[in-house]
Each structure stands twice: as C-alpha cells, then as structure tokens.
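Dear colleague,

I am handing over the structure we spoke about, together with some notes on what turned up when I went through it. Please look at it first and then read on.

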Amino acid sequence: MPRFLCIHGHFYQPPRENPWLEAVEIQDSAYPYHDWNERITAECYAPNAASRILDGEGRIERIVNNYARISFNFGPTLLAWLEAKKPEVYRSILEADAASRERFSGHGSALAQAYNHVILPLANRRDKRTQIRWGLADFRRRFGREAEGMWLPETAVDLETLELLAEAGLRFTILEPSQARRVRRSLKMETDDGEWQDVAGGRIDTTVPYEVVFPSGRRLAVFFYDGGVSRAVAFEGLLNSGERFAGRLMATVPEDSESDRLVNIATDGETYGHHHRYGEMALSYTLHHIEANGLARLTNYGEYLETHPPEMEVEIVENTSWSCAHGVGRWREDCGCHTGGNPGWNQAWRAPLRQALDWLRDEVAPRYEEAAGEIFPDPWAARDGYVDVLLDRSRETVDAFLDRATGGNPPQGDRRVRALRLLELQRHAMLMYTSCGWFFNDLAGIETVQILGYAGRVVQLAGQLFDKPVEKGFLRRLDHAKCNAPERGTGRDLYERHVRPAIVDLSRVAAHYAVASLFEDFPPRAPVYCYSVERKNGRVFRAGRSRLSLGKVGVTSEVTGKTGEFVFGVLHFGDHNLNAGVRLHDAEDGYQKLLSEAGSAFDHGDLADVIRQLDRYFIHVPYSLKSLFRDDQRRILDLILASTRGEVEHEFREVFEQHAPLMRFLRSLGNPLPKAFAAAAELVLNLDLERSLEDPAADPDEVQSLLAQRESLQVDLDVQGLSYALARALETLVHRLTEHPESPELLRKMGSTVALACQPPFHVDLWRAQNGCYELRRTVYPLQREKAEARDAAAAEWVRVFQELSGRLGVRVE
C-alpha cells in the first residue's frame, strides 16, 4: 500500500510591538537587521518561499516555494507584521496555500493558530475561546477560507481546549506522541475489539489518525507526529543531508505495509533556515527526492483525513506540551526546563510572574464586565468580535463593529473612546500571557520584559477606566519574582526600569512631535506611529544655532479615538541640548501671550527670560531628546552627530593619511600598530568601505584597493555591517535589473558586485540576486538566446554576460 508524507512547520514569533506605539522598535541584538522579525524573515521565512534545489554540480536547478508542499501554520501576529513590512513574503505564503489546495484535493496546507500563543491549558475558559476565535477570524481574513485544523501553542493541551476546537468547527489538531495516554478501536467501527491499550510514554503509532470523543458527542481528529524524526531534524543535525533526511523519513514505515500509512513530523518552522542554515534547501531537496523517486505521496493533514477517517479513539494526557517534560510547568514554575545560561541560575521567577499576571487579569475582569455591560449587551461576545477591528482599524470597520456589538446602538464621543479602551484593556490582558515570557532563562530577558510591557498597558488603561488603581497591587506581587543576576533586581525593578519610561499618553506624543519637528518637516496632519498629529499653528524663532519652537497641536489615538489639544514649547541650544514643555490647551489668551513674550525674549537674545517664560507657562519642561521614541531618537541623534562625526573623521583621516607609510612599515616588520594609529586606520577604512559598498555604482577597483590597505595594516572591519551594506546595494541592482532586464551594462555591474560579495571577508546572502537571475533565466533568457541564434549581436552579448553572471551566482543555465 502507498506511503504518505506530511511535514509540518510551526512558524511563529512572539508579538514584539511596543504596546503604546503598535510598532516593533529597533532591537540592537538583531544587528545588522532592525529587529528579530526582520532578521528571521531574511534567514527563514523568505528563503522558504524561494528555496533552491541543486543539480549534481551544486548549481541551482529549481527554485520552489516550500510552503506549497508542506503543512504549516503562521502565528497571526507574525502574519500581521509580514503583511505590513514584508509584503512579498506574505504574498508567497498566501499563494502557497492556494497552490496546496490545487495539489491536495481542495485542502489547503495552512493551519490556524491560537491568536498570540497563550498556553491554553493555563488560560481560563473565556480566554481560551477568544484565543481560538481570534485565531480563526484572522485565518479567514488572510487565507480566504475556513481553517480545517489549528496548531496549539507548544502543543499544550487539555480536554477543555480540544472540545473548544471542536465546538469552533475545527476538524483536527497535532500533538506530540507522549501526549497520548491510551487508544482503542473506535466504537463506531464494526468490531468487538474496543479494549483500551496503554500507549503512554510515546508508544502510540504515529502513522494513523485518531479522534477524541467528548461527552457532548463532539469529535476531534488528532494526528501525533513522529517524535524521533522530529527531534533529529530540530536538534541532531538531520538537515545536514537531504538524502539522509529522506531516508530517515521513509524508514519509519516499511514499503510492504498492509495498509496506507502516514509519515508525519512537526518542528518549529524556524528550524529550516534560522536555526539551521540552508535547512530550507534540505527540506526542498528531501521533498523533491521523495516525490521524484516515488518513495511516498506528499499530502497534508486535511486531505489525508478526508480519505483516511480515524478508526481509533485516543485519550490524551492533559496539561502536557511538546517542549516541557513536566507538562506545562515551563510556564508556571521552576520545573527544570530552560535554554541554558549561567551555572546556578534557576527559574523560580516563573511562578510569581504568573501569579502577578493572574491577579491583574482577575482584578480587571469583573470591572471590565461591569463597565462594558453598560455599552454592550454581551461584553465577552464584544471582545470576541473585536478581532475585526484588529484586522482593520479603519473608521468604517470600527463603526460597523460597534454597531453590531451594541445591537444597533453604537456609542458616541467619550463613550465611544471608553468602549474601545475597555476592549484594548482586554486585548493586552491576553497579550501579556504570550508564552515566550516564561520560556527562557531569566526574568530580565527581552521576551519577559515585552509581556511586562503589555501588563503595563493594562495597568494604564485600568487607571483611565476605573476608580480603584491596580498598579500597586501588581507591583507588590512582581516584587516576589527575582532575576538571577542580583543587580537586575526583581520584576518590580524591571517594570520601573523598562516599562514605566515607555508609557505613552497623548501629551507625550505631542512632546515627541514637538522635539522631532525641529529636525524634520511634518505635513499639516502627520502620522506618528498609531497616532495622528494635526498642527493648528505655531512659530519657529532662530538665532545662530539656537531655536525656539512654539505651537499648538491636536493629537488623536488611531486605536481608541481619544483626542486632545496641546500647546508645546521647545528651546534648542544646539547639538543635543534642548528642553521642551507640553500642556493641555485650555486658554487661547495664555497661549497667545506665550507666543508674544517668549518670542520677543528670544528675538532679543534673552534666553534666560525665555526659560523663565517656558517654566511659568508649562510649570516644568521635562522633555528632551530622551523623550523621543526609540527609532526616531536614533535617527535624530544621527543627524545631530553628523557634523561631530565629520569633525572626528577629518581629524582621524589626517592622522591616517599622514602616517599611513609609517603604519605600513611597522606592519611589514611584524610590529603591532600603536592604538592611536590603529583607531584612525580602522575608522577611516571602515567608513570608506561602507560608502563604496552602499553605492551600487561604486568602482569595484576602489573597493579592492581599500581591502588591500586593510589587509596590509591588519585592522578590524565591521564585517557584519559591511556585508549588510553590500547586500543592500545588490538588492538595488536586482530591482533595477527587473525594470531593465535587457541591459547588459546592469548585468555586468551586477556580476562585478556579486564577485565582490563572494570574496573574503564578506558574508553576503545572494538569495535575492539568485532569485532575480533565476527569473531572468525563466523569462528573458530564452528570448535573448533565440535572438542570439538569429545573429543578433546585442542579444549575443547579453547572453554571454548573463551566462557569466549565472555562473557566479551558481544558477544553472543550459
């Protein structure tokens, strides 16, 4: 009987957005990328959308979309980020699901996922239902169909969760083998063999589907993946060889099996490219090898379930998962599971962290229910339906949602703002349970600080909505969660150090706008992250390097609709020295007096009086460059530092150019350079290389000369940063080539840039360049070759240059 193969990839990143800005801010640990989403997309999500299959000589023979031939799920919050930031990759994922429906008898390979990766057995029933409904609604909007199956975060499971999946109309889920307790022949089968068989400890047969039967009569199919092969893929280097990977898969089921069997494995999708470089190529080769040699038929879970309905019932082991040997302890206690770290570290912080969040959730839930009950007939149904707004925050969508959720009596004005704040409170009360907050080694990790940020947003909204504050009680409980490094303190310390300074209200948005507007021009109505700022009026006074900016702005939250009108004043002395004040606009005559008197004092050069005027009007002026949101702060500081860097570069360049012969002589004798000389040479050569590499039109000979100087002086290079700059220049060339595919000059330039990218010390990912070359081979090359064979000289030259480029990129061309 035939063998079937299904490989599942769980593609997921935790939500990383700043809770107040709804944007992922720069993460220096992801350098040279902006943040970890961007980095992992470059290493995994994009490569799997265009994975290489090589010929016997190591050249690219085919480029395939892996997602179209496997089973996969993407976390909803990750898909939202991809849609906004990497639309090309996002489209490839959606197209893969459409292609899989063609391949697999109408069954798409994409699965849904519980919305923000909450460990469902540790959630209350209400939150479980919302997580499932939000995940399904997100799936429906993106993939244009109903989901057949759902991936459970960390495969964490209990019976209540499974029945809620069945209640939602889902057909199946996927679990780890040790999560099965016992099995028996289904009672609906015409057989007397209905005795339960113990399969605990991972002894279940993973080649057939099972079903869980609930007392309500509902049923849910369950696939158990092959644990041994999955672990070998994830942790034992099986992806080092596509042929060995294929052989291991096929060895799990003998060819002479008496009945159809399903080989299925499941791992984190990031295994294919991020955790294991070129893992996506091992995956595509394995699938190609198995299919080309008739070793098995590729399928997905939906298709296999249609043709092979479960004949066995299963009882699961409740409160278990695939990534904790102790059930679900990893997310609530110091169970012993961790990801490494310093000797002697523990995870005793997990329990008090969860207890603090549980307290916060349970403290605000009844207040939400009471307050929302004054607006919505069913506050929890309103929360379930709020996912429509998360998917589209346009005014029309929000209006339609509020109309539905209130039964045709939508709130207006401040009542509308209150309704949306209540729902945002509940949204963040679920985001704060994202599983990664407990997964790693220490309370001070970026993932845990992230969920504390979501909790901080709950605290802020609760303070705006309810009379009784919750912050003190929450922080008191966080005090019991202690970092492993004593100097980092407790959960309360992390909150005070990382969360409180990040809290944003409308006045802080106004302050950000006021400071930033000194360095860039804003349109009359400007987007500032998830806010809009409308400049009502104002003036900028200038004298030498000093500037005084006074103005009035309206600020609106695009999330809750809350608006406010503010007056601002910013006094900039030059460089990084500035002070700013903001206050609610409450009296026009006071604002006009400020404009007149502070402006006059500035015009007369009396800065001390300007400061007195600002202090008198704003009471205090606490804002500075430190008040800017992180990405804009970094960008504006770069602008301010540009002239200073130019001065430093000029001085270092003088030292380098004047003493370069002496430096070369010292190195020729094997002597180290004095630190001052080494610093000058390192700065100048890195800057010159960066500028040359960033420019797609740069002369490769100039780059080679700079590299030769670096080699002779043996100074350090920022290899990561320079490689990234070179990759960006190459991307620019690829884009130009797609617009002018018949240009031999562009082909030559791309060829020389690729040659540079392939030499030490650079480590450049040629993925985009190879994609572009492969597409030219498929579309333009056949036509140009045909012209060349008809003795078209220009086409013959294009073919020659293209073949050279293909050779450098390792793309097979006939």
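Leaving aside its neighbours within four places in sequence, which residues is Gln450 in contact with? The model is a predicted one, and in it Gln450 is in contact with Pro15, Arg16 and Glu17 once those neighbours are set aside. Gln450 itself is found in helix 16, which covers residues 446-465, and with a relative accessible area of 18% it is buried, since the cut-off for that class is under 20%.

Turning to the protein as a whole, its secondary structure comes to 29 helices and 19 strands. The radius of gyration is 31 Å, close to the 28 Å that the globule rule gives for 814 residues, and the protein is therefore as compact as a globular protein of that length. Taken along the principal axes, the box filled by the C-alpha atoms is roughly 100 × 80 × 60 Å. Of the 814 residues, 55% are buried, while the exposed surface comes to about 35200 Å², with carbon and sulfur atoms supplying 48% of it.

The aromatic residues deserve a paragraph of their own, as the count comes to 29 aromatic pairs. In one of them, the rings of Tyr368 and Trp380 have their centres 4.9 Å apart and their planes at 55°, so this pair is classed as tilted. Because Tyr368 lies in helix 10 (residues 350-373) and Trp380 in helix 11 (residues 379-385), the pair ties together parts that are 12 residues apart in sequence. Both partners are buried, Tyr368 with a relative accessible area of 0% and Trp380 with one of 11%. Phe474 and Tyr495 form an aromatic pair as well, an edge-to-face one with 6.1 Å from centre to centre and 75° between the planes. This pair links distant parts of the chain, with Phe474 in helix 17 (residues 471-478) and Tyr495 in helix 18 (residues 491-499), 21 residues apart. Phe474 counts as buried at 0% relative accessibility, and Tyr495 counts as buried at 0% too.

Arg354 lies over the face of Trp438, at 4.3 Å from the ring centre, and the charged end of Arg547 sits over the ring of Phe519, 5.5 Å from its centre.

A cis peptide bond, with omega about 10°, joins Tyr31 and Pro32, and Pro32 is found in the loop between strand 1 (3-11) and helix 1 (36-49). Pro760 and Pro761 are likewise joined by a cis peptide bond, here with omega about 5°, and Pro761 lies in the loop between helix 26 (744-757) and helix 27 (767-779). His117, although it is not a glycine, has a positive phi of about 60°; its place is in the loop between strand 5 (110-113) and helix 4 (125-143), and at 0% relative accessibility it counts as buried. Tyr529, also a residue other than glycine, has a positive phi near 55° and lies in the loop between strand 15 (525-528) and strand 16 (531-543), where Tyr529 is partly exposed, with a relative accessible area of 28%.

Methods
Residues are numbered from 1 along each chain as its sequence is written. This is a predicted model: local features need pLDDT of at least 70, side-chain atom pairs count only at pLDDT 80 or more; totals for chains, interfaces and linings use all residues. Side-chain values use heavy atoms; hydrogens and water are left out. Rings of Phe, Tyr and Trp (its six-membered ring) pair if their centres lie within 6.5 Å; planes under 30 degrees apart count as stacked, over 60 as edge-to-face and the rest as tilted. Helices (H or I, at least four residues) and strands (E, at least two) are DSSP runs, numbered from the N terminus. Buried means under 20% relative accessible area, exposed over 50%, partly exposed in between (1.4 Å probe, protein chains only). A charge sits over a ring if NZ of Lys or CZ of Arg is within 6 Å of the ring centre and within 35 degrees of the ring normal. The radius of gyration is taken over C-alpha atoms; the globule rule is 2.2 Å times the number of residues to the power 0.38. Accessible areas come from the Shrake-Rupley method with a 1.4 Å probe; for residues, only the protein chains shown count as cover. Contact means heavy atoms within 4.5 Å.
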